[in-house]
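Here is a short briefing on one model. It covers a sheet, a chain interface and salt bridges.

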Number of protein chains: 4
Amino acid sequence: MGLNEECGVFAIYDSNGNCARSTYYGLYALQHRGQEDCGIATINNLELSCHKGTGLVGERFSEHILTELNGTMAIGHVRYGSANSLHLENAQPLTLTYIKGSLAVAHNGKLINSAELKREYEYKGAVFHTTTDSEVIAYIIAQARLHSGSAEAAVNQAVKRLKGAYSLVVMSSRKLIAARDPWGFRPMCIGRKGDAIIFASESCALDSIEATFVRDIDPGEIVWVENGQLFSNRENCTNDTSLCIFELLYFARPDSVIDGQSVYDARINAGKCLAKDYPINADVVIGVPDSGLVAAKGYSIESGIPYNDGFIKNRYIGRTFIKPAQSTREEEVKIKLNPLRATVNGKSVVMIDDSIVRGTTMIQIARLLREAGAKEIHVLSSAPKFISQCFFGTDIPTKDNLFACNYTTEEMRSILGVDSLGFLNTKSLAAIAPDSKCSFCDACFTENYPMLHSNET
Amino acid sequence: MGLNEECGVFAIYDSNGNCARSTYYGLYALQHRGQEDCGIATINNLELSCHKGTGLVGERFSEHILTELNGTMAIGHVRYGSANSLHLENAQPLTLTYIKGSLAVAHNGKLINSAELKREYEYKGAVFHTTTDSEVIAYIIAQARLHSGSAEAAVNQAVKRLKGAYSLVVMSSRKLIAARDPWGFRPMCIGRKGDAIIFASESCALDSIEATFVRDIDPGEIVWVENGQLFSNRENCTNDTSLCIFELLYFARPDSVIDGQSVYDARINAGKCLAKDYPINADVVIGVPDSGLVAAKGYSIESGIPYNDGFIKNRYIGRTFIKPAQSTREEEVKIKLNPLRATVNGKSVVMIDDSIVRGTTMIQIARLLREAGAKEIHVLSSAPKFISQCFFGTDIPTKDNLFACNYTTEEMRSILGVDSLGFLNTKSLAAIAPDSKCSFCDACFTENYPMLHSNET
Amino acid sequence: MGLNEECGVFAIYDSNGNCARSTYYGLYALQHRGQEDCGIATINNLELSCHKGTGLVGERFSEHILTELNGTMAIGHVRYGSANSLHLENAQPLTLTYIKGSLAVAHNGKLINSAELKREYEYKGAVFHTTTDSEVIAYIIAQARLHSGSAEAAVNQAVKRLKGAYSLVVMSSRKLIAARDPWGFRPMCIGRKGDAIIFASESCALDSIEATFVRDIDPGEIVWVENGQLFSNRENCTNDTSLCIFELLYFARPDSVIDGQSVYDARINAGKCLAKDYPINADVVIGVPDSGLVAAKGYSIESGIPYNDGFIKNRYIGRTFIKPAQSTREEEVKIKLNPLRATVNGKSVVMIDDSIVRGTTMIQIARLLREAGAKEIHVLSSAPKFISQCFFGTDIPTKDNLFACNYTTEEMRSILGVDSLGFLNTKSLAAIAPDSKCSFCDACFTENYPMLHSNET
Amino acid sequence: MGLNEECGVFAIYDSNGNCARSTYYGLYALQHRGQEDCGIATINNLELSCHKGTGLVGERFSEHILTELNGTMAIGHVRYGSANSLHLENAQPLTLTYIKGSLAVAHNGKLINSAELKREYEYKGAVFHTTTDSEVIAYIIAQARLHSGSAEAAVNQAVKRLKGAYSLVVMSSRKLIAARDPWGFRPMCIGRKGDAIIFASESCALDSIEATFVRDIDPGEIVWVENGQLFSNRENCTNDTSLCIFELLYFARPDSVIDGQSVYDARINAGKCLAKDYPINADVVIGVPDSGLVAAKGYSIESGIPYNDGFIKNRYIGRTFIKPAQSTREEEVKIKLNPLRATVNGKSVVMIDDSIVRGTTMIQIARLLREAGAKEIHVLSSAPKFISQCFFGTDIPTKDNLFACNYTTEEMRSILGVDSLGFLNTKSLAAIAPDSKCSFCDACFTENYPMLHSNET
């Protein structure tokens with residue numbers, strides 16, 4: 001609760017047109033991956049158009065704009081980021097012209113050598129309009145294109161220079177290209193609907209336009225569409241993958257399937273693991289809406305303790321919500337979440353949240369539960385303790401602000417004012433995703449950074 | 001799914017001020033009762049101010065407007081209604097001046113003698129600015145005030161002329177008054193927070209500002225606040241009450257308690273009744289989000305068949321959502337609801353929705369379920385069959401458009417393409433609300449109209 | 001410069017439809033009479049629609065709204081007034097239903113017995129939604145209609161109760177009615193375009209839709225359109241007329257002709273009078289844009305001193321203009337008006353403004369002129385000294401704030417820092433409008449209030 | 001009437017801060033040079049911020065944004081261009097990072113070797129985000145900076161590569177630089193206010209913030225501010241200058257002084273030339289507002305025929321104006337311009353407009369004049385006949401659409417339906433600007449393109 005990732009991407013090639021509209025629906029399904037900016041770029045008779053800016057997909061686009069954009073290829077992007085009216089240029093897709101005509105790029109992830117690459121090229125006379133990794137990537141692709149026989153070859157040359165997380169979509173006048181970093185930090189998959197070919201951050205975006213899931217793009221793989229055909233280059237693929245485990249625990253929509261693993265099942269499994277590790281003699285299991293609900297069901301299945309709704313969440317709280325006068329965090333939580341007294345009054349309650357980052361919100365939630373009459377409160381986090389930062393795009397606070405970096409479990413329990421407190425064991429992480437074709441990055445829980453240990457040292 | 005009621009009301013008296021802000025939070029909690037218009041009127045040093053218009057509470061009000069409104073008394077309103085830029089005057093609260101100064105009125109419900117009353121007064125020279133019942137009521141109160149010793153006495157005189165459903169809040173320069181019709185069609189309750197006194201459509205609005213629930217306003221009761229004290233007049237109270245049963249089944253928020261009955265429990269009970277009436281040998285029970293979920297849990301509890309999430313609902317669909325090109329209802333459903341294949345694939349599924357009105361949406365939902373691999377689909381409605389219109393504010397289609405008016409259950413089952421279909425038995429309605437102090441109006445299911453049979457004929 | 005009047009009205013009957021669109025253009029031409037709110041109400045197949053709100057005509061109405069409004073009759077209104085988001089109801093036209101169906105009213109002017117009438121009717125149970133005179137008038141018309149054989153008869157009965165300034169347009173389901181008060185304080189005229197009949201505050205609105213000016217509505221006259229024919233009732237007409245002289249001096253557009261008098265010519269005449277009363281040995285005559293320019297030309301014609309442009313006015317200053325940081329009035333004037341050095345440098349300059357109310361702006365303008373090198377500055381006001389308030393709709397400051405109420409002419413000259421200062425002589429007022437069929441109200445210059453002296457005392 | 005130029009620029013260095021606010025006022029004064037987009041970029045403690053987008057300066061900027069921008073250096077831009085929501089990136093200033101930190105560029109003019117330069121750099125791997133010349137210039141500056149000792153040296157190196165019209169402002173982290181092309185096509189001048197130093201397209205922008213005009217930037221000159229001191233490099237200056245004559249005739253504000261020539265005087269002189277070349281025995285001289293008014297005064301002075309106002313212009317027509325239904329250009333003109341019958345009825349009229357481009361508007365204006373009773377109409381254009389396109393930024397239609405390219409003067413007169421028609425003689429052009437330190441480009445009237453004849457062939 002409270003962590004943010006950078007983005008979601010969507011791309012479609014459909015010779016029948018209307019690609020902007022399909023992308024609009026695809027981005028709707030990926031909106032949970034970023035709510036600040038969004039954008040769609042299309043190619044229509046070789047001409048590139050783009051509309052982007054702040055706001056939700058549903059606020060930003062109108063029937064009129066979708067009709068203007070149209071297109072037989074499109075890429076789209078949703079983005080999390082601090083809205084800053086003075087730096088609007090960071091919205092994506094990035095659109096530009098280069099030696100071969102038009103180029104559009106959108107990207108989910110974070111490079112760790114971005115500043116270094118930028119500097120290197122600035123020393124050769126490059127200019128940058130934004131602070132996005134996408135622009136660095138676009139520039140390297142444009143440079144690579146000078147010595148490459150095709151756009152996909154240029155992308156291949158370019159990604160060899162990138163270090164970090166990237167799930168990337170690139171659109172040139174005639175080709176639609178997607179590339180995923182060799183570690184596979186962020187998800188990306190391929191779908192089909194009739195002759196149309198789609199690339200998307202999550203499979204739920206394919207479902208939203210009733211497209212069929214074909215397969216995940218493998219870590220390191222580059223795929224592209226040319227004249228309606230799908231091609232692949234796997235020369236950068238490795239076996240040393242590290243999908244962000246937090247995609248399964250929190251970021252992704254539960255109806256997505258990522259690298260073979262159902263997100264929903266992974267959260268059920270996380271709940272089951274908690275039940276095994278923290279057997280509690282309780283009356284009821286509840287989850288913190290929305291992201292703690294599935295793990296709570298998993299705990300219930302494994303433990304046999306009945307699952308019930310513990311809170312009603314106000315579905316109308318939006319970006320323009322005015323905070324309570326004294327800005328007391330307490331009141332704010334109450335407006336968003338209302339406990340169901342019938343569920344918890346006089347009961348011993350197991351309450352599961354997706355994670356505990358700063359602890360501030362959980363203090364208020366536990367208070368609400370006590371005031372609603374809970375006899376005992378046992379708090380479980382379906383993620384392990386956060387102990388370190390992320391270099392690959394997840395917006396984790398500094399150690400100063402991480403609850404688990406500053407207190408022992410017993411101290412945290414006492415601060416929350418609850419009867420027990422537990423976190424998913426980092427050893428259980430593998431167990432929650434038995435179907436995953438990828439290994440995982442769990443560095444924020446273990447400080448075991450995949451790329452750094454192997455490549456850096 | 002798909003029915004609408006007219007409104008929600010909120011009123012607060014707080015000598016410490018900030019009443020606009022409290023009303024803002026209260027309306028947030030009542031937003032599910034109306035999303036088209038909203039408004040807040042306040043009294044500040046005897047002066048009446050009002051801000052109202054189209055949009056959600058969070059869109060309509062800014063920090064600046066709340067500060068301008070301020071006030072030691074306030075009434076607020078959320079409204080469902082077809083947005084029409086040419087008739088904005090229908091937004092509430094209605095504010096006006098009369099012989100005794102300022103008057104503000106907001107109202108949930110529907111009068112059945114409104115046109116008659118309007119006509120009667122027009123023949124005496126009255127003019128009306130809106131088409132709302134609130135204006136008719138306000139006018140009668142102003143007329144009554146000429147011969148009454150107090151505002152509350154005028155309200156009492158006025159309500160004797162009204163026939164139909166009304167949960168009414170009235171604010172004069174010095175008094176805050178609430179009145180509920182003698183049948184109690186729509187809910188309204190009283191809360192306290194320190195010295196502040198609150199009237200609200202549902203108890204969840206009290207919770208949202210951390211106020212304490214005091215009691216329901218009884219059908220027929222008039223209550224008012226004068227100099228910080230709460231008074232009551234019960235002379236219009238009867239024993240012949242008829243709370244709209246659809247408040248419990250669908251309209252109200254599950255965390256509200258109405259006339260003694262927890263809404264959440266009532267929906268659990270509806271699910272249990274379905275389980276008793278329709279025992280099915282199935283693998284899993286699912287609900288249609290959001291309003292079918294609680295009944296599905298009730299079915300699971302009673303039947304022992306496991307409950308699971310069957311769909312993921314897109315939380316970002318707003319009023320500006322652009323419908324699919326061919327406006328095919330099919331695609332629209334898919335964007336809003338995505339089935340969880342893991343839950344239903346190869347399974348025999350019991351799927352519960354809050355009601356089936358036209359049948360069009362359910363046809364699509366059942367299709368999605370089949371496509372996700374469900375082996376058997378058993379559809380149950382936690383409301384009985386809709387067979388007739390509502391005169392008291394629920395927006396039920398004409399018989400031409402009611403599924404159950406045009407087909408037998410077997411025909412409906414066949415049209416939906418499911419394995420079985422069942423509706424809550426009208427005889428079970430009483431059973432779902434054992435704690436209710438009120439009797440119910442179930443005329444839309446039974447054609448047994450409470451007021452009409454007793455008073456009209 | 002800096003005075004405001006209340007409103008402009010426009011009405012059209014055209015069996016060919018598109019009345020909203022014609023009204024839109026008519027209001028565009030009347031925009032100078034009020035820039036805060038605007039609105040259009042139409043009758044279409046007996047049905048009344050209305051769109052109104054804050055903003056300029058061009059901001060408030062869209063193609064879509066005009067098409068929705070359409071109509072075979074329409075009335076429109078532009079309004080000056082302090083924009084207050086908490087009291088939007090004051091925008092006009094006022095629309096309501098009464099015993100005979102729909103009624104819409106819009107009005108320019110100010111009643112002096114409005115509060116009295118309101119009180120009288122409140123004592124009979126009336127309620128008021130706004131603080132406008134229009135609502136009082138509408139209510140009296142509705143009351144009168146109970147005992148009148150027609151809408152126009154009801155208007156006739158109603159206006160007999162009104163005291164003050166009103167140029168009124170009324171639209172019922174089948175009739176379009178206009179009425180002008182017996183003193184004729186505010187202008188109103190009749191036009192035709194094919195079979196269409198138009199009533200408008202000023203003739204420039206007729207020109208804008210290429211309609212033909214037919215005649216002025218006489219003070220006291222009621223005119224109406226029924227089945228496409230124009231009728232008139234003159235029973236309230238008197239010879240004791242008092243058109244606001246400030247309409248000719250400042251309010252009206254120079255291309256309008258009011259009661260026989262060209263506004264442009266009146267201003268030329270005012271300039272000529274000044275030349276006769278204040279012969280100055282100067283090099284050049286300039287005007288303060290825009291409203292002082294015509295009188296400056298008149299001065300030039302009479303005196304033979306060449307006229308030239310003295311200032312360039314910034315045409316882009318709008319309502320959202322951000323004032324200079326220290327809100328120093330000085331800088332603000334400079335942004336709006338830039339002196340033409342070539343015109344004034346080293347010259348003896350006669351500068352004419354339409355009036356001097358508070359003196360604050362003129363202090364700055366004179367300073368700019370000095371800084372641009374003017375050797376001598378002679379300031380003349382084409383209006384006499386303001387010494388008293390207006391009861392009929394002109395927004396004149398209190399005596400505390402009137403320059404001429406607090407200083408002698410010599411003191412004012414010294415404060416302005418100019419070489420001489422003169423005001424139009426009140427005795428010259430008659431001379432500026434030789435073609436006018438009306439006498440004038442000049443009470444703000446003379447304290448000789450037309451209505452009060454005859455009727456009140 | 002109807003021609004557009006590309007832009008206006010403003011730049012300020014003020015160690016006291018508030019540069020965004022000063023630029024806001026400066027752009028207000030330059031708004032006539034472009035009404036589509038606008039933007040301000042500032043440097044504050046070495047950090048670059050920018051706000052830009054569609055709309056007028058007064059619509060685009062708020063108090064809040066100006067405060068956020070603040071800054072001790074700023075550059076601003078107003079732009080004419082077809083508003084296209086899909087290509088917003090073209091708004092200026094352009095902001096980017098390069099080897100030395102931040103860089104912002106804004107530019108008025110048009111390069112003729114832009115495509116060539118772009119292509120050259122794309123072949124070296126460059127990418128472009130916009131279609132503006134500014135980006136090409138920025139890129140060349142960044143490239144030049146690799147081999148230059150300072151930002152101003154890089155600008156100097158860069159401008160040597162540019163061919164065409166540019167009045168350019170450049171802002172790096174520590175320096176504010178302005179450069180004007182060696183031909184001086186577009187104006188730019190230097191001002192001071194206290195210690196602050198300002199560069200602006202026109203001197204009226206200096207006046208608006210009460211800064212003092214210092215001098216024009218010479219054609220070919222580069223000036224810059226470093227640590228509050230002003231420096232100049234004149235190595236690119238030549239004697240072969242060609243200021244756009246249309247700046248004096250139409251584009252610039254009449255209160256500006258450009259290269260020593262008062263714009264107001266130039267227009268007076270144009271009118272005087274017309275009077276000499278076309279002596280007419282008329283009763284009155286009028287101008288088409290606003291841009292024909294000054295020349296009409298000049299004609300009056302020279303001829304002795306009285307000048308008078310012929311039209312009243314509606315000051316409220318904005319970008320959202322809805323065109324008449326049948327989009328008949330006729331009605332549209334009437335709404336914007338209303339003839340003053342008193343001025344023209346029964347008179348022989350000389351009417352002067354700034355230019356006649358397509359002829360369509362003049363046909364309507366002449367019609368209005370005839371309908372207002374003009375006995376004779378003599379139309380004069382204070383610009384010569386347009387016969388050819390402009391390569392340097394003026395938006396002149398193709399020859400197909402130029403009135404004077406398709407008809408003889410006699411034919412044009414007949415089409416306009418007037419009694420005589422005359423254009424300023426190209427030989428008179430020099431005479432209208434006796435004070436100008438620059439020679440002129442009059443290629444659109446003569447096909448004598450300054451740069452092309454000397455450098456190209």
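Two strands pair if DSSP finds at least two bridges between them. Helices (H or I, at least four residues) and strands (E, at least two) are DSSP runs, numbered from the N terminus. The model is predicted: local features need pLDDT of at least 70, side-chain atom pairs count only at pLDDT 80 or more, and totals for chains, interfaces and linings use all residues. Residues are numbered from 1 along each chain as its sequence is written, chains are lettered from A and ligands numbered from 1 in the order in which they are written, and side-chain values use heavy atoms, with hydrogens and water left out.

**Sheet in chain D**

- Four strands of chain D form an open, parallel sheet in the order β17-β20-β21-β22.
- Its edge strands are β17 (284-287) and β22 (420-423) of chain D, each pairing on one side only.
- On average, neighbouring strands of this sheet are turned by 20 degrees against each other, direction ignored. Axes are lines fitted to C-alpha atoms, for helices over the stretch in contact (heavy atoms within 4.5 Å). Angles run from 0 to 180 degrees between N-to-C directions.
- Four bridges join β17(D) to strand β20 (residues 348-353) of chain D in the parallel sense. D:G287 has D:I352 in β20(D) as its bridge partner.
- Helix α10 (residues 293-303) of chain D lies across β17, β20 and β21 (376-381) of chain D. The helix runs at about 160 degrees to β17(D).

**Interface of chains A and B**

- In chain B, 54 residues are in contact with 54 residues of chain A.
- The two chains bury about 4,100 Å² between them, 56% of it on carbon and sulfur atoms. Buried area is the accessible area (1.4 Å probe) that two parts lose on being put together, summed over both.
- A salt bridge is a side-chain nitrogen of Lys or Arg within 4 Å of a carboxyl oxygen of Asp or Glu.
- B:E210 and A:R367 meet through their side chains in a salt bridge (3.2 Å, N to O).
- Helix α1 (residues 19-29) of chain B gives the most to the side of chain B that touches chain A, with five residues.

**Salt bridges overall**

- Over all chains, the count by this rule is 100 salt bridges.
- D:E63 forms a salt bridge with D:R21, with the closest N and O atoms 2.2 Å apart.
- D:E63 lies in helix α3 (residues 63-69) of chain D and D:R21 in helix α1 (residues 19-30) of chain D, so the pair ties together parts 42 residues apart in sequence.
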